[in-house]
Amino acid sequence: MGAIRHLIAALALCTCAAVAQAQTYITVLTGGTSGVYYPLGVALSKIYSEAIPGAKTSVQATKASAENLNLLQAGRGEVGFSLGDAVTQAWTGNEEAGFKQKLDKLRALAAIYPNYIQIVASKESGIRTLQDLRGKRLSVGAPRSGTELNARAVLAAAGLSYADLGKVEYLPFGESVELMKNRQLDATLQSAGLGVSSIRDLATNVPIVVVPVPPEVVTKIGDPAYQPAVIPAGTYSGQDQDVPTVAVRNILVTHSGVPEEVVYRITKSMFEHLDELVAAHTAAKGIKLEEATKGLPIPLHPGAERYYREVGLIR
């Protein structure tokens, strides 16, 4: 009987170990390999594998925000990158944004670095304010992209719609800039980091105006993912003054099925190795612990909340 008891105990230990091991598989959902999400995801995967005992990590290239959120809802990943407004749309189940139902299993890990919504017009277009966009030719990014969602939100808050514009183009950043150089577009809206290469290129070839997005317009958007921000003077050639705009935080997301202890370690290890993320991509300089819980449109995962309480960020 004693031998049988020992065998049962040993089997139980093996079973527990197998379950624990299964809980430490971590797939990081990113974006295209040429974007920012992918190199940061690779760096996170390395951090997790070294900081979390027994963790088996992998990185998956995806179509970014919307796909990542749908995959997380389905339990096909543990960590994913997304723009904050896409997270809001997923949480509410906005079909037009690519979410057929409310993605109720999503949980936040951290608000990370911001994308700045940068509306740039050619000086000769006469555009100086958002209202001046009426009747003008504007590129808003690829259909249903994070940039295009940003464009819809900002224009609506300013009392404008696509119907008020002279022409709408759904183009990537580089193509938008080429059309502006050829005077086939009046303005481009780009959601990206400050000093994005496409706008730097434009500003060195065409006199530009960076169009302000006033704080009152940001308030009217009515989404906590959108926060007032400033494009500092000198960010682009010919821009000699600070310009108010709106920033949208990128959010690192998980789902409710990931165990608390795993998420605690995921969160803790990321903030203890920020230098490795910055080495992977300079955008990570915008990741600040003190801002990790700001503007989140979905609930924090209990594991992340535990870490933030531990470091005194929340009470």
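1. Helix α6 (residues 173–181) and helix α7 (residues 197–205) have axes that come within 9 Å and cross at roughly 10 degrees. Axes are lines fitted to C-alpha atoms, for helices over the stretch in contact, with angles from 0 to 180 degrees between N-to-C directions. The crossing makes α6 roughly parallel to α7 (a term for angles under 35 degrees).

2. The model is predicted: local features need pLDDT of at least 70 and side-chain atom pairs count only at pLDDT 80 or more, while totals for chains, interfaces and linings use all residues. Residues are numbered from 1 along each chain as its sequence is written, and side-chain values use heavy atoms, with hydrogens and water left out.

3. The contact (heavy atoms within 4.5 Å) involves F173, V177, E178, M180 and K181 of α6, together with S198, D201, L202 and N205 of α7.

4. Strand β7 (residues 187–192) is largely enclosed by the rest of the structure, because six of its six residues are buried (under 20% relative accessible area, 1.4 Å probe, protein chains only). A187, L189 and S191 cover one side, and T188, Q190 and A192 the other; all are buried. Helices (H or I, at least four residues) and strands (E, at least two) are DSSP runs, numbered from the N terminus.

5. Which strands pair with β7? Strand β5 (residues 137–139) pairs in the parallel sense over two bridges, and S139 has T188 as its bridge partner. Pairing requires that DSSP finds at least two bridges between two strands.

Conventions: Parallel < 35°, antiparallel > 145°, perpendicular 65-115°, else oblique. Buried < 20%, exposed > 50% of the residue type's maximum accessible area, 1.4 Å probe, protein only.
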